[in-house]
Each structure stands twice: as structure tokens, then as C-alpha cells.
Amino acid sequence: MALTELFTGEIASDLWKMLVTITRKALRCKSSAEQLITYIREILPMIEEIKYSGVELPAPRQSQLDRLSEILRSGVELSHQALSSSRWNVYRNFQLAKKMEKLEKHVTNFLQVPMQAHILADVHHARFEMAERFDRVEASNRRMERFLGEMKIGVNGGGWVEEAVRSMQEDETWVEGCNGNNSFGVGLDFGKNKVLEMIFMRNDVSVVGICGIGGSGKTTLARELCRDDHVRCYFKERILFLTVSQSPNVEQLRARIWGHIMGSQGFHGNYVVPQCMPQFECKGEAQVLVVLDDVWSLSVLEQLVWKIPGCKFLVVSRFKFPTIFNTTYQVELLGEEDALTLFCHHAFGQKSIPLGANVNLVKQVVAECGKLPLALKVIGASLRDQNEMFWLSVKTKLSQGQSIGESYEINLIDRMAISTNYLPEKIKECFLDLCSFPEDRKIPLEVLINMWVEIHDIHETEAYAIVVELSNKNLLTLVKEARAGGMYSSCFEISVTQHDILRDLALILSKRGSIHEHRRLVMPKREENGLLPREWSRCKDQPFEAQIVSINTGEMTEMDWFELDFPKAEVLIINFASSDYFLPPFMNRMPNLRALIIINYSTSYARLHNVSVFRNLTNLRSLWLEKVSIPQLSGTVLKNLGKLFIVLCKINNSLDGKGFPNLSELTLDHCDDLTHIPSSICGMKSLQNLSLTNCHNLTQLPDEFGKLRSLEILRLYACPNLETLPTSMCDMKRLKYIDISQCVNLTCFPNEIGRLVSLEKIDMRECPMIRYLPKSAVSLQSLQLVICDEEVYGMWRDVEMAKPNLHIQVSEQYFDLDWLQE
């Protein structure tokens with residue numbers, strides 16, 4: 001997807017837009033600071049003049065004036081901190097902005113209390129100016145709050161998020177346009193040519209290996225090969241990229257590979273590939289490339305690689321498998337010039353050492369990074385905008401470690417740890433939380449944010465600021481999914497990924513102390529027997545202190561569990577691969593559980609057992625269910641549940657709104673057996689966000705739909721059997737955003753759509769059956785943006801002419817099936 005499309009096109013998930021709000025607040029922090037300094041410099045002398053005018057004041061009045069002087073001086077200090085803070089330090093700027101808002105409220109309250117009236121009489125000549133300036137601050141705050149609402153529905157763009165995404169895009173394309181002249185990429189270009197030669201020049205080669213130490217850029221090289229025009233042309237776009245990892249689902253991978261080779265992506269989830277593959281001749285000149293990334297086991301690899309004419313395998317691993325590989329390319333470390341260029345890109349935002357920098361110090365730090373791309377990126381980003389003393393401190397700590405050699409992995413992790421030592425404590429804790437998720441899996445941003453909000457007692461905006469900060473530090477990667485014309489995308493378009501080395505670092509730092517004291521009790525990978533670790537069993541006689549518990553198993557029966565006690569657990573993450581799963585009995589002893597995430601990675605829907613444990617989850621606030629058959633929860637009321645996400649699930653007509661009286665957000669995504677929404681959903685008075693996406697059999701919405709008076713965001717895209725929208729929805733006075741894109745059989749809007757006084761955005765891409773607008777559409781007083789196809793642009797033209805603030809954006813169709821390869 002072009003970068004312009006990434007920002008000007010619709011961003012379906014409100015999660016992505018909330019990030020921009022934080023960054024905008026951070027950007028305005030400095031201008032507010034300048035205004036605050038000017039104001040205080042004007043009023044503070046007046047206060048001092050009253051205090052030292054020679055007139056003896058009563059002790060209470062003198063004390064009150066002293067207190068006001070201290071508050072104003074703290075405002076000057078705070079403003080100077082904001083002005084000196086690096087623009088890259090999003091989290092710090094966000095915190096300073098919050099402190100400035102708090103200061104403004106403090107001063108305002110101080111002056112407005114009736115008992116201060118006698119002081120106001122003395123400074124009445126200054127009060128008008130103070131009120132005027134704080135009115136401006138208040139107006140600015142109101143503008144920011146409105147901007148927050150706009151960003152949730154994608155009306156505007158911009159800010160720090162654009163810079164963060166652009167930075168990630170630059171990292172990915174940093175090597176794409178390199179010709180070996182004046183930019184980083186010489187080493188990658190050399191490796192790319194070597195591997196291309198192995199693939200194309202020898203017909204007897206069917207399996208090529210790319211090997212190298214962790215963090216050396218193996219996966220980057222493999223992905224670059226897949227993007228190469230010659231490769232894509234030769235294989236006629238028949239390229240499959242799969243991540244294997246340490247806990248692979250071999251049968252699922254085999255089915256994906258075989259389906260790709262056979263030219264059929266539509267194998268049923270229960271399809272089992274025969275162990276002995278039949279000899280098979282490719283028809284015509286068909287050529288297929290399969291890339292297997294992050295392979296750890298020879299036994300797994302042997303099950304995934306077949307010698308088939310026309311099919312070539314590219315295997316990426318830290319290890320060599322001579323019995324499988326026909327030929328191997330060993331990834332080389334970067335040259336000095338490339339290493340320095342990559343480091344400067346992340347440390348200074350340019351390709352070379354800037355003027356005024358300590359050249360020798362920079363080169364010494366680069367040398368200590370061992371010419372490894374990952375170390376250069378992470379340590380470089382941690383040093384950005386820091387003073388020379390900070391650089392010296394980091395350089396000293398780096399030099400105290402062993403050089404990156406035989407025990408490169410441990411030594412590399414030690415170096416990565418240095419970059420986290422200087423993080424604020426809360427940000428560091430959030431970084432460590434990332435190890436709770438399975439390796440090589442994309443983490444939906446919403447899952448991560450919900451978890452942080454619950455266990456760190458922070459607001460969503462602060463959680464998003466931390467995401468941006470960790471992204472800027474290269475400690476995580478934000479991934480925006482390409483939308484396949486809108487049809488197949490989920491509303492969870494933003495995900496978080498993390499390099500294996502960084503996950504290993506978080507795991508090591510989280511394991512300090514005894515197992516009972518761990519704040520995060522994590523299964524790093526699935527055990528060979530698919531059960532819980534024996535270490536947990538040996539320690540079951542004593543309660544665990546863990547706040548986060550993460551499980552990664554195969555099929556579990558009631559007898560497979562053993563008694564465990566988690567009195568302080570607030571987050572439980574259950575990852576498994578099975579068609580039947582007995583939920584952990586110890587969930588009954590998790591009284592403080594706030595967030596529950598259940599994800600099935602098998603090829604079929606999982607049937608959950610022991611669902612009675614839900615009755616005891618009285619404090620549960622967020623629930624994520626994926627690839628399961630939703631159980632009947634009759635009689636179970638989760639009164640504190642605020643967010644419910646049901647993804648790739650079988651609903652089984654078990655959805656009942658009465659069980660979730662305080663739900664504010666409900667998402668049903670890729671639920672193919674959902675035909676209608678029960679009327680009980682309309683009784684959810686607190687529901688603000690409703691997403692019914694990719695539910696291809698949804699035919700109607702209830703007539704009482706308009707009772708959702710608190711609803712602000714409504715997503716209905718990719719519901720092709722939906723033909724009408726209920727008239728009652730025009731009663732939703734708070735509704736700001738409607739997405740009906742890919743509702744190909746939807747014929748019209750409700751006639752009274754003009755009553756939606758708060759509606760700001762409509763997305764109606766690929767809605768070919770809507771040919772006219774109700775006359776009341778002209779009355780949509782808040783409407784700012786409509787996204788539609790060129791064929792229906794004309795029917796909005798009259799509305800656009802009548803409303804100068806309305807923008808009609810004609811969408812460009814963009815199809816990308818890369819999502820199928822994830």
C-alpha cells in the first residue's frame with residue numbers, strides 16, 4: 001500500500017486514531033509552555049509587589065500569597081521542562097502536558113474559592129489577564145478533546161503517529177532503494193544477490209538456507225527477496241511466507257504449504273495432508289516459492305519440505321540443517337560504513353554523524369554494538385536526543401560486557417538490556433509485559449492497550465503514548481494490515497510485533513527471583529507434551545504472586561490441570577491449539593481477574609468446557625475470544641464487563657445482551673454463523689462502539705436498534721447480505737461514524753438520516769446498490785467526511801456544495817492478499 005493511502009485512506013480501527021490524540025497533545029505542550037511562561041512573568045511581579053509593598057499583611061493573607069507565588073514559580077519550572085524536552089520523547093511530553101493542565105486547574109481553583117476574595121481584590125488588575133489567558137488554555141483543551149473524538153473515527157490525520165509510522169516505513173524501505181552508493185544496504189544487496197544466484201542458477205537446488213545469529217537481519221533479507229521484482233515475476237506472485245517458530249502447528253503449516261503448491265488456498269480447516277506426499281508434476285511452467293522463517297527444529301522442517309518439481313523452499317534459521325539444505329547462505333555482519341549509517345539513522349535521524357557530535361564516542365558505541373542491525377537500531381534509538389554524559393554512561397556499560405562472539409545471544413541480550421535500563425519504570429514494565437504473548441504472533445493493539453489499562457491503572461491515552469514511545473525506541477513494531485479492498489480486513493488493523501531477541505530479553509528480566517515472586521508467569525513456548533511445565537507442578541503448594549499468567553498448551557482435559565493458586569492475577573492469557581479445551585479450574589481462584597484472552601490457533605473451532613468458571617469472574621472488564629465455539633452462558637451475568645471481542649468464532653445463537661449490562665464496546669468479527677442480532681443487544685444503554693464486520697450471513701438488524709442512544713461508532717463493513725438499515729437508528733443522537741463499506745446489497749440510507757446531528761463521517765466504499773440520498777442528508781450539520789467510490793460521488797455533490805465543511809473523498813480500490821500469508 002502506498003504511504004499516502006496509509007494516511008489518507010480510512011483507518012478502520014479507532015485504536016489507531018487515539019494514538020494521534022496523545023501526540024497532538026504532546027506537540028502543543030511547547031506552545032502552551034511558552035504562553036504560560038509569558039503569563040507568569042507578568043503576574044508574578046504583581047504578587048511580589050503586594051507582598052513587599054511595605055504594608056503589613058495579616059499572617060493568613062501573607063501565607064496565601066506565598067502559596068500562590070510557589071504555584072506560579074512551579075509553573076515556570078514546568079514550562080522550562082516542556083521547552084527543553086526532546087520532541088521525540090512522546091511519553092515525557094504527554095506527561096508534561098498533563099501536569100500543565102493540572103497546574104491550570106490548580107491555579108483556577110485557588111482563585112475561585114470564595115474565601116480568597118480579599119486577595120482577589122488586591123490583584124484585580126491581574127485577574128482579568130489571568131482569566132483571559134486561562135480561557136485560551138481551556139479553549140485549547142476543548143479543541144484537543146474534539147480532536148480526540150475526530151481521530152477515533154478517522155476524520156483527520158497527522159501528528160506523531162504519522163511520524164512513527166513513517167519511521168517504520170523508512171526502516172522497511174531503507175534497504176529497498178539502495179544501490180550500494182551512499183546509503184545503508186551494501187551488505188544486504190550482496191546477500192540478496194547471493195541467494196538469488198542459489199535459487200535461479202541451479203536447477204538441482206530445491207531448498208536454500210539463510211542462516212545467521214539472532215538480530216543479524218535474516219528475516220529482513222528473506223522479506224526483501226520476496227519483494228524483489230525479478231522474484232515476483234519468476235514465480236508469478238506465487239510466493240508464500242510462513243513463520244514457523246518454536247511452537248508450530250505442523251499440520252496447519254503443512255495444509256497451508258500444500259494448498260499453496262496445488263494452487264488452492266481454500267482447503268477446509270480440518271484437511272490433513274498425507275504424510276507420504278504423492279509425486280506431482282507442476283502443470284506447464286508453474287513455479288512456486290515457499291519461505292519458512294524462524295525454523296528451530298530439524299524434525300519439524302522434515303515435515304514441511306518436499307521435493308516437488310517447480311517448487312523451491314527458502315528456509316530461514318539460526319541453525320544449519322545440512323541434511324535438508326542443498327545450499328546455504330550465511331548472513332554476514334554489517335561492514336563498518338553500513339553499521340555507522342544504520343546507527344546514525346536511528347540515533348540522529350540522518351545517514352552520518354552530525355556536526356558538533358563527538359565522532360570518536362559515536363564510533364565507539366557503534367563498535368560495541370557488534371555490527372548487528374538489531375543492536376544498532378535499539379541502542380541508537382535509546383541514545384536519540386541524549387546529552388554526551390548519557391552517551392558516555394551507555395558506552396561504559398557496553399564496554400564492560402563481553403564482545404559479541406561465541407555466546408553472542410547472551411551478550412546481545414545484555415546489550416539490549418542496557419537500552420531498557422534508562423526507560424521510565426512504567427514504560428519498562430509495559431515493555432516486559434510483551435513477553436506474555438506467544439513468539440512470532442501479532443498482538444492486536446486493542447488487546448495490549450486493554451491489558452495495560454487494567455494492570456497499570458492508567459488511562460487509554462497514556463497507554464497509547466507508551467506504545468508510541470516503545471515504537472520510537474525500536475522495542476516493538478507497529479504493523480498496519482493492508483486492506484484487501486475492504487472485504488477481508490478486520491477492524492483490528494493495527495498489531496504489535498516484537499523481535500525474538502527482544503522477547504527473550506523481556507522473559508529474562510521477568511524471571512528474576514523465585515517463580516512464586518514473578519510478576520509475569522509465562523510459558524515461553526508450548527511444551528513437547530502440550531501440558532503445563534513441570535516446574536509449575538512442583539511449586540503448586542504455595543500461592544503465586546503473578547499479576548499476569550500466560551499459558552501455551554495443546555488440548556487440555558480436566559485431568560491435565562493441577563491445582564494452582566493465583567490470588568493476585570489480573571490478566572490471564574490462554575493460547576492453545578485444539579478442537580476441545582477444558583478451561584483451567586484455577587480460574588475459580590482468580591478473584592481479581594480483569595482481562596481474559598482466549599485464542600485458539602488450531603485449524604478448527606474449539607469447543608470450550610468448564611464454562612461455569614465465568615460465573616466467578618465478577619471483576620472481569622475485558623474479554624477476547626478467538627476461534628472458539630461460543631458457549632452458552634445462560635444465567636451468567638458479567639456486570640463489570642466493558643469490552644467484549646468475538647473474533648473468528650461460532651456464535652451458536654448464544655449472544656445475549658442481558659449478560660453484559662455495562663458493555664461499552666462490542667465487536668463481532670468474521671463470525672460466519674451470525675444471521676441476526678438479538679433484540680436484547682438493544683438494551684445495552686452503555687454501548688458506545690459496535691462493530692459487526694465480515695459477518696457474511698448477517699441479514700438484518702433489529703427494529704429496536706435505535707434504542708442504542710449512547711452509540712458513537714457503528715461498523716458494518718463486509719456484511720454482503722445486509723440489505724437495509726433500520727429506520728430507528730436515526731434516533732442515535734450521539735452517533736459520529738458509520739462504516740457500511742462492502743455492504744454490496746445495501747440499497748439505501750434511512751429517509752430520516754438528517755436527524756443524526758452528531759454524524760461526522762460515513763464510509764460507503766463499494767456499496768453499488770445505493771443510488772440516491774434521502775433529502776434529509778443536507779441536514780447532517782456535523783458531517784465532515786464521506787468516503788465513497790467514484791460511481792456514487794455525484795449523488796453527494798449537491799450536499800457538498802451546500803456544506804462547505806464537507807469533504808467527499810473518492811476511494812481507490814486496492815487489493816493485496818498478503819494478509820493470507822500471515
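**Entry 1: a covered strand**

I started with strand β9 (residues 520-522), which runs parallel to β10 and is joined to it by 3 bridges. Strands here are DSSP runs of E with at least two residues, helices are runs of H or I with at least four, and both are numbered from the N terminus. Two strands count as paired if DSSP finds at least two bridges between them. I noted that this is a predicted model, in which local features need pLDDT of at least 70 and side-chain atom pairs count only at pLDDT 80 or more, while totals for chains, interfaces and linings use all residues. Residues are numbered from 1 along each chain as its sequence is written, and side-chain values use heavy atoms, with hydrogens and water left out.

Which residue of β10 is the bridge partner of Arg520? I found that Arg520 is partnered by Ile548. Strand β10 also pairs with strand β11 (residues 571-576), in the parallel sense over 6 bridges. There, Val549 stands opposite Leu572.

Next I looked up burial in β10 (residues 548-553), and 6 of its 6 residues are buried. Buried means under 20% relative accessible area, exposed means over 50%, and partly exposed lies in between, using a 1.4 Å probe and protein chains only. I reminded myself that side chains in a regular strand alternate between the two faces of the sheet. In β10, Ile548, Ser550 and Asn552 are buried on one side, and Val549, Ile551 and Thr553 are buried on the other.

**Entry 2: an open sheet**

In what order do the 5 strands of the open sheet stand? I read the order as β2-β3-β4-β1-β5, with parallel pairing. The edges are β2 (239-243) and β5 (327-330), each of which pairs on one side only. From one strand to the next, the twist averages 15°.

I then followed β2 to strand β3 (residues 288-295): the two pair in the parallel sense over 5 bridges. Thr243 has Asp293 in β3 opposite it. Helix α11 (residues 250-262) packs on this sheet and touches β2, β3 and β4 (311-317), and its direction makes about 175° with that of β2. Contact means heavy atoms within 4.5 Å, and the angles run from 0 to 180 degrees between N-to-C directions, with axes fitted to C-alpha atoms, for helices over the stretch in contact.

**Entry 3: helix α13**

I checked the length of helix α13 (residues 336-348). Its 13 residues should span 18 Å, and its end C-alpha atoms are 17 Å apart, which agrees. The expected span is 1.5 Å times one less than the number of residues. Among its buried residues are Asp338, Leu342, Phe343 and His345. Cys344 is buried too, at 0% relative accessibility. Just after α13, Gly349 takes a positive phi of about 75°.

**Entry 4: looking for disulfides**

How many disulfides does a search of the whole structure find? I got 0, where a disulfide is a pair of cysteine sulfur atoms within 2.5 Å. For Cys695, the closest cysteine sulfur is in Cys671 at 5.0 Å, too far for a bond. Cys695 is buried, with a relative accessible area of 0%.

**Entry 5: salt bridges**

My search of the whole structure gave 21 salt bridges. Each is a side-chain nitrogen of Lys or Arg within 4 Å of a carboxyl oxygen of Asp or Glu.

Glu224 and Arg227 form one, at 3.4 Å from N to O. Why are they about one helical turn apart? They are separated that way because they sit 3 residues apart in helix α9 (residues 218-227). Glu224 is buried at 5% relative accessibility, whereas Arg227 is partly exposed at 35%.

Glu454 and Arg621 form another, with their closest N and O atoms 3.1 Å apart. Glu454 is in helix α19 (residues 445-456) and Arg621 is in the loop between β14 (606-609) and β15 (622-626), so the pair ties together parts 167 residues apart in sequence. Glu454 is buried at 10%, and Arg621 is partly exposed at 38%.

Lys643 and Glu665 meet at 3.9 Å between their closest N and O atoms. This pair links strand β17 (residues 643-647) with strand β18 (residues 665-669), 22 residues apart. Are Lys643 and Glu665 buried or exposed? Both are buried.

**Entry 6: the whole chain**

Finally, I counted 23 helices and 24 strands in the protein chain. Of its 822 residues, 56% count as buried.
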